[in-house]
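Subject: Structure handover

Hello,

Here is the structure I promised you. Please open it and keep it beside this email as you read.

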Amino acid sequence: MSGGGGCKSLVWLRRDLRLEDNPALAAAVRAGSVAVVFIWAPEEEGYYQPGRVSRWWLKHSLAQLESSLKSLGASFITKRSTDSVSSLIEVVKATGASHLFFNNLYDPISLARDHTVKEALTAQGVTVRSFNADLLYEPWEVTDDEGLPFTTFKAFWERCLSMPYDPQSPHLPPKKIISGDTSRCPSDPLMFEDESERGSNALLARAWSPGWSNADKALATFIGGPLLEYSKNRRKADSATTSFLSPHLHFGEVSVRKVFHLVCIKQVQWANEGNKAGEESVNLFLKSIGLREYSRYMSFNHPYSHERPLLGHLKYFPWIVDEGYFKAWRQGRTGYPLVDAGMRELWATGWLHDRIRVVVSSFFVKVLQLPWRWGMKYFWDTLLDADLESDALGWQYISGTIPDGRQLDRIDSPQTEGYKCDPNGEYVRRWLPELARLPTEWIHHPWDAPEYVLQAAGVELGSNYPFPIVAIDAAKVRLEDAITEMWQLEAASRAASENGMEEGLGDSSESAPIAFPQDTQMTELDEPVRHLPNTLVNRRYEDQMVPSLTSSLQRVDEDEVSSSENRGQVPDEVTMNLQLNREPNQQVVENNNFRPQLNATTRLRIAADSATESSSSSGRRNGGVVPVWSPSTSSFSEQFVGEENGMGANSPYLQRHPQLINWRRLPQTGLD
């Protein structure tokens with residue numbers, strides 16, 4: 001190691017584990033001698049500590065990054081901590097660094113933590129600079145004509161594609177790094193798996209190759225192959241038709257700017273060739289990138305969106321709290337083959353095809369009517385590409401809890417979806433060997449098969465494969481009753497509020513919390529619930545509070561978007577005999593004349609100084625800092641959760657993280 005006088009710059013890496021197109025690393029290299037630090041503090045994430053497969057990925061990604069950094073001459077420090085801010089301050093002091101560089105993150109815990117870091121180190125005379133390395137545009141750069149955030153994906157993405165300046169082109173990795181003196185700052189060993197997990201984790205290496213150089217290979221493979229027929233093949237669950245980039249993107253092994261840049265090159269090429277299929281595929285894939293962007297955008301502008309619905313009336317939906325349902329779904333024992341195959345694949349591999357994610361999540365919230373946060377948390381615990389912002393958007397979309405979410409009464413049939421994405425039944429047979437001998441005619445609905453067909457296939461319903469967990473007709477009735485009750489509760493609460501009885505139905509502070517399933521170690525549910533088989537409703541009105549979500553299922557409009565980044569596509573609307581739980585959405589609910597007044601132009605306001613001081617004002621995106629997050633008190637609509645429902649300073653989440661209420665942006669030098 002060189003640089004005996006200490007270290008000029010410290011680079012703090014999180015979910016940006018790459019050398020190429022890493023603006024924080026590039027700025028540090030330009031500034032002088034460099035040390036790189038990674039701090040492992042999972043306890044800070046609360047209920048959203050990384051699951052087993054995520055930790056496996058992180059372990060191998062860090063190993064490749066460390067090797068690459070050392071080959072360039074850089075020092076790499078790892079620290080085990082329960083307090084990232086304190087550990088970072090200690091590393092700065094031990095290395096003598098005068099500059100700290102890091103890349104922005106947009107989940108609420110990171111927003112609060114990054115603000116604290118900037119304040120603490122700036123006060124000690126350290127220059128702190130943060131950069132955009134995770135998005136095409138910073139959240140505060142994309143606004144409507146009035147400077148307000150968009151509330152629907154379509155408007156947001158149209159603005160992104162029509163911005164007056166293009167996203168920056170990706171930068172090459174540094175050729176050499178001058179290492180600072182880190183002799184007084186030894187690394188801590190990091191443990192990402194225990195002995196009980198090693199056997200399961202060993203299987204992951206057969207299918208996945210973590211690391212930034214492997215991410216480049218995966219991107220090149222996709223662009224040179226499946227991208228061309230992406231629009232035609234993206235629904236197929238039984239073959240490799242998507243990009244498989246989402247884990248690489250989550251950990252920052254490849255930049256979204258590089259993905260966007262290379263795909264756009266293909267777009268121009270195919271347009272010049274008149275290749276309409278290729279152009280359609282590119283547009284759909286770019287839309288999936290847009291959904292990933294939108295997930296960060298929503299998290300920045302609505303930092304409680306992983307805890308509660310954005311549409312206020314949905315807090316009155318009486319979810320069914322039934323751990324038996326949850327266990328059957330989790331174990332792939334619902335009696336619906338496509339759902340069960342998906343859940344067994346998820347447990348075995350940590351992965352699900354976009355389409356299957358939509359099917360199993362829609363079944364969860366609409367057929368079983370289980371609280372959507374249970375499903376979101378289970379995805380977080382089991383997915384390789386678990387990503388808080390994308391999962392929150394995906395599950396809120398599926399549940400109809402955001403302004404442009406899926407309709408409350410929209411039902412997706414696992415049977416119908418099965419023949420779309422697994423027409424020959426090969427996917428089901430792979431993961432449900434007990435159904436392997438069933439003819440394709442019956443593979444997605446064995447309950448309709450003649451008895452002689454079942455006997456010949458060795459299938460005994462109710463024994464080696466379950467009957468459907470929910471009766472269709474009963475589910476439809478239950479859903480209708482739930483929607484009716486939701487609107488009645490919402491109307492009663494509104495009436496109580498208008499009559500000066502704010503602590504009436506709308507106040508759940510005295511309600512005893514209902515615990516989440518113990519085996520997932522989730523937080524508590526404070527909203528209307530129903531316990532089966534009892535038909536009485538135990539009413540609670542606030543959404544659960546969870547301290548911190550990945551990509552899961554997102555899509556907007558009628559065009560499907562299968563996303564490698566955010567893994568989000570939603571199947572075509574199917575009316576079928578499945579019982580579902582849905583949450584009301586502005587487009588669909590008209591029960592008992594209690595229809596909310598939903599205004600698509602409603603916005604949440606970013607504080608005025610954010611527009612003038614952010615990097616968007618000059619088109620400059622490097623070295624920027626995050627503007628003030630300060631919701632307007634005058635731009636609320638019934639479409640959104642109001643102050644009393646968690647939007648403002650009374651939000652339990654914001655009370656735990658007061659920095660988010662009006663946190664000040666620091667100048668990019670870190671000095672006043």
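In what order do the five strands of the open sheet lie? The order is S3-S2-S1-S4-S5, and the pairing is parallel. Bear in mind that this is a predicted model.

The sheet first. Its edge strands are S3 (75–80) and S5 (127–131), and each pairs on one side only. Neighbouring strands are turned by 25° against each other on average, direction ignored. Strand S4 (residues 99–103) runs parallel to S5, and five bridges join the two. Look for His-99: Thr-127 in S5 stands opposite. Now find helix H1 (residues 23–31). H1 lies across S1 (9–13), S2 (34–40), S4 and S5. Its angle to S4 is about 160°.

Next, the whole protein. It has 22 helices and 10 strands. Of its 672 residues, 63% count as buried. The accessible surface is about 24,200 Å², and carbon and sulfur atoms hold 50% of that.

Then the cores. In soluble globular proteins, nonpolar side chains tend to be buried together. The largest nonpolar core here has 106 residues. Phe-156, Leu-227, Val-259, Phe-285, Trp-329 and Leu-438 touch the most other members. Helix H11 (residues 276–301) gives the most to this core, with nine residues. Domain 2 (135–170 + 213–301) and domain 3 (323–483) each supply at least three. A second, separate core has 33 residues, including Leu-19, Leu-25, Ala-28 and Leu-58.

Leaving out residues up to four places away in sequence, Leu-438 touches Arg-429, Ile-443, Pro-446, Val-453, Leu-454, Ala-457 and Val-459.

Best wishes

Methods
Residues numbered from 1 in each chain as written. Predicted model: local features only at pLDDT ≥ 70, side-chain atom pairs only at ≥ 80, totals over all residues. Heavy atoms only, no water. Core = buried A, V, L, I, M, F, W, Y, C linked by side-chain atoms within 4.5 Å. Buried < 20%, exposed > 50% of the residue type's maximum accessible area, 1.4 Å probe, protein only. Helix = DSSP H or I, 4+ residues; strand = E, 2+ residues; numbered from the N terminus. Domains from an automatic or database assignment. Contact = heavy atoms within 4.5 Å. Areas by Shrake-Rupley, 256 points an atom, 1.4 Å probe, with all protein chains shown as cover. Pairing = 2+ DSSP bridges. Axes fitted to C-alpha atoms, helices over the stretch in contact; angles between N-to-C directions.
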